[in-house]
Amino acid sequence: MINLFMVSALTVLLFFSARKLYQRISLPILNPVLICILAISAFLLLTKFDYKVYQQATLPIHYLLEPAVVALAYPLYKQFHQIKPVFFALCLTSWLGVSLSTLSAFLICQFFAADPQLSASMAALSVTTPITLLISDYLGGIPAIAAIMVILIGVFGGVFGLHILHWCKVDHMQAKGTALGVACHAIGTAAAIEHHPMAGAFASAAMTITAMITALWVPLFYHWLATLI
């Protein structure tokens, strides 16, 4: 039990150390989530530590994930007066983002003649992992692949999203937040919150709307795309 507690405590210490480093040296490659993923992966591979034991040891951290996602609604509450006038446009933008994401993944899979299971696994990648797992399972995909892709997309967006938007001359905080919330779910939203309160609020709103649209729309849209083959 002590060892399990130590593993959990060291994981938390690793995250806060990575976060402290990122605050001092603000390089995209030093994103705390990315650093933790790489460090823990290296630890598990080099020490042959049983992943199931590590997963059990870090369950308390896992249980904190849901309250942390709910806490992302706080900037939404603080900036709701800014969001209310453009709520319809935000819903429409989120729907377009979800549709284009699903369509792009579907076309890429068809171009490379991917297995139908793999194609179904890539159908819903713009939302948090639990929703992706449910949709992937419903469509006959492979939840493990869907989960990995969602995490990779979130980390990529959290590390490079703001820089890509800057290179594309997207400077408006509402647009930045919406893009990160629609495409990169919670990790992108966390990056937006750190960047600017308004960007964080729009990212939170976009992430929430995207989750609802994905759950309701993607299964129907994907089945319709599949009938066109």
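Start with one cut-off: a residue is buried under 20% relative accessible area, exposed over 50%, and partly exposed in between. The model you are looking at is predicted.

**Stop 1: a pair of rings**

Select Trp95. Is Trp95 buried, exposed or partly exposed? Its relative accessibility is 35%, so Trp95 counts as partly exposed.

A pair of aromatic rings is described by the distance of the centres and the angle of the planes. The whole structure has eight aromatic pairs. Trp95 and Trp217 make one of them, a tilted pair, with 5.9 Å centre to centre and 50 degrees between the planes. Trp95 sits in helix H7 and Trp217 in helix H12, so this pair ties together parts 122 residues apart in sequence.

Together, Trp95, Trp217, Phe221 and Trp224 form one aromatic cluster.

**Stop 2: two Phe rings**

Next, select Phe111 and Phe112. How are the rings of Phe111 and Phe112 arranged, stacked or edge-to-face? They pair edge-to-face, with 85 degrees between the planes and 5.1 Å centre to centre. Phe111 is exposed, and Phe112 is exposed too.

**Stop 3: a buried Thr**

Move to Thr210, in helix H12. Its relative accessibility is 0%, so Thr210 counts as buried. Show the residues around it. Neighbours within four places in sequence aside, Thr210 is in contact with Ser94, Val98, Ser126, Val127, Gly181 and Val182. Keep Val98 and Ser126 in view for the next stop.

**Stop 4: the cavity**

Rolling a probe the size of a water molecule over the atoms shows where empty space is left. How many cavities of 30 Å³ or more are there? The count comes to one. The volume of the largest cavity is about 30 Å³.

Select its lining: Val98, Ser101, Thr102, Ala123, Ala124, Leu125, Ser126, Thr214 and Val218. Two elements give two or more residues each to this lining: helix H7 (87-111) and helix H12 (197-227). H7 provides the largest share, three residues. You will find five nonpolar residues, four polar ones and no charged ones.

**Stop 5: a salt bridge**

Side chains of opposite charge can pair when their charged atoms come close. How many salt bridges does a search of the whole structure find? The search finds one.

Select Glu194 and Arg19. Their side chains meet in the salt bridge, at 2.6 Å from N to O. Glu194 belongs to helix H11 (residues 173-195) and Arg19 to helix H1, so the bridge ties together parts 175 residues apart in sequence. Glu194 has 47% relative accessibility, so Glu194 counts as partly exposed. Arg19 is partly exposed too, because its relative accessible area is 29%.

**Stop 6: back along helix H1**

Stay in helix H1 (residues 2-24) and select Ser8. Its relative accessible area is 11%, so Ser8 is buried. Which residues does Ser8 contact, leaving aside neighbours within four places in sequence? They are Ala57, Thr58 and Ile61.

Trp224 brings you back to the aromatic cluster of Stop 1.

Definitions and conventions
Residues numbered from 1 in each chain as written. Predicted model: local features only at pLDDT ≥ 70, side-chain atom pairs only at ≥ 80, totals over all residues. Heavy atoms only, no water. 1 Å grid on protein atoms, 1.4 Å probe; cavity = no way out; pocket = protein on both sides within 12 Å on 5 of 7 lines; lining within 4 Å. Points joined across faces, edges and corners; volume = space filled by probe spheres on them. Helix = DSSP H or I, 4+ residues; strand = E, 2+ residues; numbered from the N terminus. Nonpolar A, V, L, I, M, F, W, Y, C, P; charged D, E, K, R; others polar. Phe/Tyr/Trp six-rings, centres within 6.5 Å; stacked < 30°, edge-to-face > 60°. Buried < 20%, exposed > 50% of the residue type's maximum accessible area, 1.4 Å probe, protein only. Contact = heavy atoms within 4.5 Å. Salt bridge = Lys/Arg side-chain N within 4 Å of Asp/Glu carboxyl O.
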